[in-house]
Amino acid sequence: MNKQGPFHKIRPLISALAVLSLLALFFLFGPSPSFAYDLEQKVVKHELENGLVVLILERRVNPTVSLYIRHKVGALQEDEGSTGAAHLLEHMLFKGTKTIGTKDYRREKRILDQIRRTGNALDLERLKGERADRGVIDGLSEKLRRLQTQAKGLMVDNEIDRLYTENGAVDLNASTGQDLTTYHVSLPANKLELWARIESDRMMNPVFREFYPERDVVMEERKQTVESTPKRKLTELFLATAFQAHPYRRPVIGWPSDVQSLSMDYIEWFSRTYHAPNNTVIAVVGDVDPVKALGIVKKYFGAIKPVSLPPLRITAEPTQQGEKRVALEADANPHLLIGYHKPTLPSFDDYVFDVIDALLTRGRTSRLYRTLVEERGIAESISTANGLPGAKYPNLFVVMAAPRHPHTAEELEAAIHGEIEKLKKEPVSPRELEKVVNQFRADLIRDLDSNAGLAGKLSYYEAVAGDFRYITRHIQVVESITPDDIMKVARNYLVPENRTVATLVKRGKP
Amino acid sequence: MARLALVVLFITALLIPPSDGACSPPLPDPQRLKYPPLTFTPPEPERVELDNGMVLYVLEDRELPVVNVSAVIRVGSAYDPPGLEGLAEITAHVMRTGGTRAMTGDEIDDFLEYTAASISVSSGTDAASADLFVLKKDFDRVFQIFSDILTRPAFDGKKLELAKGLKIEELRRVADVPQRLAFREFRKVIYGGNPRGRLATIESVGRLAKEDLAAFHKRFFFPRNVMMAVAGDVDRKEIVEKFRSRFAGWQNEGRILPVAPPGEKASSSIHHLQKEGPQSTIIVGFLAPEKKSPDSYPFTVLDFILGSGGFRSRIFQEIRSNLGLAYSTGSYYEGREGYGIFGSYAITRSEATGTVLSRLLQILQDAGRRQVREDELTWAKKSIVNSFIFSFSSTDLITTQQMMIEFHGLPPDYLRAYRNRIEAVHPEDVLGVAAQYLRDERATTLVVGDESKFDRPLSTFGDVHKIDWR
């Protein structure tokens with residue numbers, strides 16, 4: 001039944017850059033007003049007294065339920081020098097709570113405090129670099145090792161995962177992006193209370209067990225998903241180049257030197273401050289009675305105290321005034337990224353970019369696929385994404401392409417620019433525009449077939465756009481877009497001085 | 001009334017003022033939560049056999065105005081003739097893109113994308129599949145295209161050249177992602193000389209001609225070698241009629257030549273592929289029970305305990321949680337027809353390659369020497385049984401699944417009996433399959449990484465075969 005090869009079976013536990021693929025999905029999404037299934041009416045939205053927003057959608061197709069928790073915090077909120085904190089926190093929240101994962105919390109806490117102090121001292125010494133005292137480092141490392149062994153004896157490993165798995169959970173995972181941190185799981189519908197019990201507890205009482213080994217796991221994750229994967233490394237360089245001042249320039253997984261010295265204190269502060277109920281959206285989709293489900297949510301999450309969120313001081317990205325170009329040399333075949341700054345939702349222009357996105361690369365009949373892959377045979381692959389690397393702040397429209405040997409990245413880039421010029425000069429035909437609208441409409445219907453998909457989208461738009469009804473209203477805006485709007489937006493934004501180009505260049509053999 | 005009572009109850013609960021986290025009422029022990037019973041009788045697809053022998057499963061589902069059709073065909077890369085590796089994959093690709101006798105490939109693409117329908121055809125190792133998604137209103141026209149693609153593909157020469165060019169470019173790029181390279185190379189070493197270990201090369205793809213595709217299609221795409229499943233907003237009787245009339249003229253002209261399952265290995269082997277980079281990909285694999293074998297149940301439990309059961313599984317727990325030496329690590333098991341495949345893997349920094357490989361081997365060997373703990377077994381069985389409900393999460397899935405059960409030659413009550421078969425697994429059964437299938441001398445190990453940085457030479461694990469892949 002599984003038609004996929006073994007590689008797909010690697011469970012991508014906790015992926016830091018999931019936001020990339022998520023966005024690609026989210027922006028190809030639009031509803032049909034004529035379709036009888038009225039999402040706006042069916043979703044029960046409730047705000048608890050502590051500010052937690054709950055969305056519940058009853059879908060009695062089979063006895064399962066999908067659950068999404070989205071905290072409105074991500075890499076955006078991290079301080080300089082502490083990049084990767086949001087993502088490391090996401091990993092730490094799988095380590096248990098005061099009542100889950102411990103044999104004796106009071107004794108365990110004493111050791112965890114010692115681990116914290118020892119680890120802090122060790123990190124501080126290491127940060128001295130050349131001037132660090134080798135003897136001090138060795139002594140502290142040995143002490144940390146001893147303490148960790150002691151702590152191990154008092155903890156129950158991976159208890160959250162065990163509880164969920166044993167109760168039949170699937171798709172248990174989490175992801176961190178620039179804007180949001182997400183925890184999701186699907187369960188047999190009768191196990192809703194287990195989820196509420198675990199999740200409310202990890203919002204209130206997380207315990208950071210195995211902090212230092214987990215920090216090493218994240219370093220391995222970085223090596224695997226960035227350092228060993230030239231395309232991802234290129235994306236990191238590309239974003240750091242396109243953004244000069246805004247935090248979107250930083251990688252979600254964090255810069256290596258930051259991740260290596262992230263402290264338990266900072267992660268704990270980050271958790272207390274931002275994983276607050278008044279900064280959180282929950283979606284429950286599946287075979288549940290909305291009244292009962294809301295009751296369970298209130299019972300467990302209602303007691304969590306709201307916090308006053310610190311004012312967010314985000315540097316605005318200054319207007320770009322000239323093309324930026326950057327190259328990465330790596331042991332891999334050429335690849336190309338071209339990005340343009342643009343506004344984010346709910347700007348009208350952002351909707352126009354959703355349409356441009358589909359016109360350019362959605363399907364075999366899309367402009368770039370048909371001309372560059374099929375007709376001219378110069379591209380191996382081509383795709384676009386509207387809204388990288390986040391959607392809270394002005395972001396990028398990005399074209400991603402790989403040339404087909406012997407054609408070069410330069411040749412491919414010129415051809416892409418040619419197609420973009422066409423968008424500015426020639427109005428899109430009514431049939432081509434209709435095709436895109438038809439696809440957006442069908443997407444909604446298609447997406448209604450999945451509890452997890454719905455829970456993901458409802459909670460995403462509630463958290464990012466401030467209202468889940470963005471989903472149902474998107475199509476109305478898209479339907480109003482004219483060929484003139486497309487030309488205007490293309491002329492405004494898709495210009496050389498607003499452009500960043502990053503290329504992966506195959507390293508010459510030594 | 002019952003619902004009203006509940007509402008009142010929950011509102012009362014809320015009226016208790018939210019207090020400081022420290023003094024909030026104690027949370028119940030998650031182990032002792034009581035759950036309402038879960039009852040569910042999944043709808044059963046109807047099985048129909050057409051006059052030409054094609055099997056069809058049908059299930060009505062009126063929730064959404066859409067129709068899904070899936071087809072499975074007994075053909076795959078295992079059936080590629082020597083020297084023409086890639087033929088099954090390229091044939092599937094060009095069936096989809098190369099047009100039919102009625103329409104060109106471009107006309108098909110234009111029509112499908114305008115109606116927001118989708119058709120895909122792809123080929124795996126032992127089976128190929130074709131899938132259709134369409135809004136109900138466009139079903140008839142899109143279904144005609146779908147059936148033409150399966151029965152009368154045109155294999156347009158230009159689209160064939162494109163498919164070959166794209167596949168060749170993909171092969172040129174295969175080493176750009178080291179893990180992808182590793183899992184691909186692993187297939188070659190675990191299957192040895194078996195056809196499943198012969199993979200497409202730039203040369204073999206370059207040789208493929210239109211006549212090869214047409215002959216391959218004729219030989220394998222015939223009604224008795226295909227099964228289909230249809231689910232969605234359809235009338236059962238009407239849809240069966242549509243399948244009957246659409247496929248009535250399709251004759252059983254081809255022939256099935258079974259491909260022997262991969263043979264047992266004479267001895268263990270260690271393979272190394274030199275690739276510079278910060279990490280090594282380590283894979284240790286074994287041939288495993290076929291899907292039909294009674295051993296597949298204890299083996300499923302074994303695989304869960306070893307590495308596919310998430311954070312608590314042994315490999316993940318040790319290599320990731322305890323040692324912090326990998327982000328991706330675990331195992332997988334897939335029972336197929338005539339054979340099965342088990343693999344365990346870890347992606348770790350080059351300097352820890354020896355440490356991780358040796359831990360991995362210890363965990364695997366230990367499974368064949370010591371019985372699993374009772375609590376581990378309970379956890380694994382409960383997990384598999386409790387998550388089983390997700391096999392029925394859409395009517396499309398239910399229907400396709402029933403089709404695949406027959407395709408794999410499993411008994412019709414396979415799914416109904418599945419949970420009981422898992423629950424009946426004893427510790428000694430798990431030990432038995434581990435001792436039988438995970439014997440040291442049957443292991444195939446592959447390491448893709450930069451040997452100059454390894455903490456321990458691979459030769460300390462045994463004779464190393466170097467793979468020259470450039």
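In the predicted model, the buried residues of helix 11 of chain B are Arg314(B), Ile315(B), Phe316(B), Gln317(B), Glu318(B), Ile319(B), Arg320(B) and Ser321(B). Because 8 of the 9 residues of this helix, which spans residues 314-322, are buried, helix 11 of chain B is largely enclosed by the rest of the structure. Its buried residues pack against elements of both chains, namely helix 8 (211-227) of chain A and, from chain B, helix 10, strand 9 (329-335), strand 10 (340-349) and helix 12 (353-367). Just after helix 11 of chain B, Gly324(B) adopts a positive phi of about 60°.

Helix 10 of chain B, one of the elements against which helix 11 of chain B packs, is also in contact with helix 16 of chain B. The axes of helix 10 (residues 296-308) and helix 16 (residues 427-437) of chain B come within 8 Å and cross at roughly 85°. Since angles of 65 to 115 degrees count as roughly perpendicular, helix 10 of chain B is therefore roughly perpendicular to helix 16 of chain B. On the side of helix 10 of chain B the contact is formed by Pro298(B), Phe299(B), Val301(B) and Leu302(B), and on the side of helix 16 of chain B by Asp429(B), Val430(B), Gly432(B), Val433(B), Ala434(B) and Tyr437(B). Classified by residue type, this contact of helix 10 with helix 16 of chain B comprises 8 nonpolar, 1 polar and 1 charged residues.

Chain B as a whole contains 16 helices and 12 strands, and its C-alpha atoms fill a box of roughly 75 × 70 × 40 Å along the principal axes. Of the 470 residues of chain B, 48% count as buried. Among the contacts in chain B with a separation of 6 or more, 81% are accounted for by residues 24 or more positions apart.

The contact between the two chains takes 81 residues from chain B and 80 residues from chain A. Helix 1 (residues 2-15) of chain B gives the most to the side of chain B that touches chain A, with 6 residues. That side of chain B is made up of 40 nonpolar, 25 polar and 16 charged residues.

For chain A, the domain assignment gives domain 1 (16-27 + 319-506) and domain 2 (46-102 + 155-301), and the centres of these two domains, taken over C-alpha atoms, are separated by 28 Å. The contact between the domains takes 34 residues from domain 1 of chain A and 44 residues from domain 2 of chain A. On the side of domain 1 of chain A that touches domain 2 of chain A, at least two residues each are supplied by helix 1 (18-26), strand 7 (324-330), strand 8 (335-342), strand 10 (395-403), helix 17 and strand 11 (499-506) of chain A. The largest share of this side, 11 residues, comes from helix 17 of chain A, and the residues of the side divide into 23 nonpolar, 8 polar and 3 charged.

The largest nonpolar core has 142 residues, and those with the most contacts inside it are Leu55(A), Ile282(A) and Val301(B). Helix 17 (residues 451-464) of chain A provides the largest share of this core, 8 residues. At least three residues of the core are drawn from each of domain 1 and domain 2 of chain A. Leaving aside residues up to four places away in sequence, Leu55(A) touches Val43(A), Lys45(A), Ile282(A), Ala283(A), Leu458(A), Ser459(A), Glu462(A) and Phe468(A). A second, separate core of 69 residues includes Leu87(B), Ala127(B), Phe146(B) and Phe155(B).

Several backbone features were also noted. Most residues other than glycine have a negative phi, and most peptide bonds are trans. Phe155(B), a member of the second core, has a positive phi of about 50° although it is not a glycine; Phe155(B) lies in the loop between helix 4 (139-151) and helix 5 (157-172) of chain B and is buried, with 23 other C-beta atoms within 10 Å. In chain A, Glu210(A) likewise has a positive phi, near 50°, and is found in the loop between helix 7 (192-204) and helix 8 of chain A, where Glu210(A) is buried, with 26 other C-beta atoms within 10 Å. The peptide bond from Leu345(A) to Pro346(A) is cis, with omega near 5°, and Pro346(A) is placed in the loop between strand 8 and helix 13 (348-361) of chain A. The peptide bond from Leu388(A) to Pro389(A) is also cis, with omega near -5°, and Pro389(A) occupies the loop between strand 9 (379-388) and strand 10 of chain A.

Methods:
Residues numbered from 1 in each chain as written. Chains lettered and ligands numbered in written order. Predicted model: local features only at pLDDT ≥ 70, side-chain atom pairs only at ≥ 80, totals over all residues. Axes fitted to C-alpha atoms, helices over the stretch in contact; angles between N-to-C directions. Helix = DSSP H or I, 4+ residues; strand = E, 2+ residues; numbered from the N terminus. Parallel < 35°, antiparallel > 145°, perpendicular 65-115°, else oblique. Contact = placed C-beta atoms within 7 Å. Nonpolar A, V, L, I, M, F, W, Y, C, P; charged D, E, K, R; others polar. Core = buried A, V, L, I, M, F, W, Y, C linked by C-beta atoms within 7 Å. Buried ≥ 20, exposed ≤ 12 C-beta atoms within 10 Å, placed from the backbone. Domains from an automatic or database assignment.
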